[in-house]
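Colleague: Could you take me through one part of this model closely, the open sheet and what lies around it? Please give the cut-offs as you go.

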Amino acid sequence: MALNNYPKWLLMAALLFSLSVPCYSKDELKIGGQVFELEPFVIYESPIPVIDGMTGEKYIGTNPLVLDFAESFNDLLLKYHRQLLVYEIQHLDFRLKDGVAFEKDLRELAESFGIKSFKMRHENWLRREVSIVTRLNEEPFFKIEELIVWHEDQLNDLYPNLPLTKHAKDIHFNEEKNTWERRVTTDWVVAYRTYTNKGKLGKGVRIEKQQGLNLDTQKGFHILNRGLTAQVPPHAFKDVKFTYPIIVNSREDHQIQLKRLKETYAQNLLHIYDPFSWMARRNTRFRGGFARDLENHLSRRSLKVSDNDWFEPVLCNFLNDVITIKRHGKEEIYNLNGIRKFSPSRNVLGEGLDLLNWNRGEKRKGTSKPAAKVKKLNFNNPGDARFIVLDAYMRNKDKFLNTVREKITNLEGRPSGKEIFKSTIEEVSGIPFKIYVEKVTPIQLKMINEQRPDYLDE
């Protein structure tokens, strides 16, 4: 199974339907040769403090919905933390093994094309992630300090004013939807010193990550000032502390409300409790193979063609795509391309971007980029040419691969790399290149644009 993303059903099921933490053998909880044993956690053993949002004081009400949710609150958080930890260890072990095998396959394929000595530096793989797992196994990153209770009837009576307590900053009345909404905002801090190549203490590093999530829409923001270096130690990660608001009403059935509170709580944890999104985001981590690394390697050993700027990225993407299809299927290529091309902002958290500027003085900004559907493919552009070449390979597999290889390994003079691919497509398909492109472009555009998120059309 290719673990490209977190399977929501797996974590949600663990939270909502399993109240026992399964036992895992040492063989299951290791990353490469490093074995992890789950540490006991005591941080959530005491009940979560419940605060009345209106007064800012300890909640003294007797609403059974509040009491029932508070009773399950710590248990759900602990189960999520353990499930996340176990899943990440298994995920990283899978990625390490898959990465080594992918690199081996790609190296052998590249060598058959005359590209010698390609190799990744395994010693740097997953160093950040192992450090995070080590810290995560010692104690949870997230410490939800208080459960803040709001009664919708009281908020409606007070509207358009808000209560004069500090917790009111995390509730908001959405006039378009005519409903109250809640949010969580967090600040993650990582601070450590690096070391020089000679082992001496180097510069200090301070990394800050701001996150926020609308707890009712699952839309939020993710703002990071820089990524982690490979030298980050486990103790560098500081605790993340925040409060969690709920809104209860007197009109809806108790069990229906309780079910919704638990389900949204699980969904919110899935989005905001992600200790690994420091370099790449959750839905892109470890994906894509090694096309860029192969291209960097090839650029120092240029093949004798007249258009290396076009040829090298197209050839390296092609070889990388061949191995991706072999190991993960063609869907992996289009899905990852869609995430990278159609993301409306690198600051998105959850189901869409919401900067949650609800209060005076909050002026967060997100970086956006066009997310329009792709309308054409230009073979002169290496990124577009990739999909024309990919189409030819998927239709003709070994015949296409072998013909390209034969031409590249028998270069004479300095031919055009672009013409090598054009002539190969014509030779293998039996169709003039121009007509081939006209016929397959709509098909490729459809496959590319199918990965565009539906919410961009809202």
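Modeller: β5 and β6 (residues 179-195) run antiparallel and are joined by four bridges. Strands here are DSSP runs of E at least two residues long and helices are runs of H or I of at least four, numbered from the N terminus; two strands count as paired if DSSP finds at least two bridges between them. Within this pair, His 172 stands opposite Glu 181 of β6.

This is a predicted model, in which local features need pLDDT of at least 70 and side-chain atom pairs count only at pLDDT 80 or more, while totals for chains, interfaces and linings use all residues. Residues are numbered from 1 along each chain as its sequence is written, and side-chain values use heavy atoms, with hydrogens and water left out.

The pair belongs to an open sheet of five strands, in the order β5-β6-β7-β8-β10, with antiparallel pairing. β5 (171-174) and β10 (348-350) are the edge strands; each has a single partner, so one side of each has no neighbour in the sheet. From one strand to the next the twist averages 30°.

Helix α5 (residues 254-272) lies across β6, β7 (201-214) and β10, at about 150° to β7. Contact means heavy atoms within 4.5 Å; axes are lines fitted to C-alpha atoms, for helices over the stretch in contact, and angles run from 0 to 180 degrees between N-to-C directions.

Both β6 and α5 also supply at least two residues each to the lining of the second largest pocket, as does α4 (152-158). On a 1 Å grid over the protein atoms alone, a pocket is an open set of points with protein on both sides within 12 Å along at least five of seven lines, a cavity is a set where a 1.4 Å probe fits but cannot get out, and lining residues have an atom within 4 Å of a point. The second largest pocket has a volume of about 330 Å³, a volume being the space filled by probe spheres set on points joined across faces, edges and corners. Of its 16 lining residues, Thr 179, Trp 180, Asp 216, Ile 247 and Arg 260 lie nearest the centre. β6 gives the most to this lining, with four residues.

The largest cavity holds about 40 Å³ of space. Its lining includes Val 184, Tyr 265 and Leu 269, and α5 provides the largest share, four residues.
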